[in-house]
Amino acid sequence: MTAEGRDPGLQPERTRLAWRRTTLSCTVVALLAVKQALHDGASPAGVVAMALSALTWLGFLLVAHRRVLEMGTARPQPLSARGALTAAACTIALAVFAVAMLF
């Protein structure tokens with residue numbers, strides 16, 4: 001297929017779907033954190049980790065929502081460094097909070 005035959009709408013659509021899948025994954029992780037924190041009784045550390053997981057999830061949700069909206073435009077702009085850093089930090093934070101709940 002030549003460059004002229006390429007549909008420019010396919011790449012933004014795949015990217016939008018990838019952001020939605022990642023958001024769904026973060027939602028599952030946050031819900032599992034809530035379940036884990038409440039499973040053995042709500043300890044103070046578990047409640048803090050659960051609250052931080054919820055805030056982290058909201059931060060990721062905001063970044064992902066903005067990106068999905070941007071991918072809906074005719075010529076989407078690249079993801080900003082701030083957005084990429086926020087998404088990465090939220091992902092790492094969710095992992096750290098999950099480990100913290102184990103101890």
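## Exercises on a predicted helical model

Gly83 lies in helix α3, residues 81–102. Helices are DSSP runs of H or I with at least four residues, numbered from the N terminus. This is a predicted model, in which local features need pLDDT of at least 70, side-chain atom pairs count only at pLDDT 80 or more, and totals for chains, interfaces and linings use all residues. Residues are numbered from 1 along each chain as its sequence is written, and side-chain values use heavy atoms, leaving out hydrogens and water.

**Exercise 1.** Decide whether Gly83 is buried or exposed.

*Solution.* Buried means under 20% relative accessible area, exposed over 50%, and partly exposed in between (1.4 Å probe, protein chains only). Gly83 counts as buried because its relative accessibility is 10%.

**Exercise 2.** Compare the span of α1 with the expected one.

*Solution.* The expected span is 1.5 Å times one less than the number of residues. With 30 residues, α1 is expected to span 44 Å. From first C-alpha to last, α1 reaches 43 Å, close to that value. Just after α1, Gly41 has a positive phi of about 95°.

Key
Helix = DSSP H or I, 4+ residues; strand = E, 2+ residues; numbered from the N terminus.
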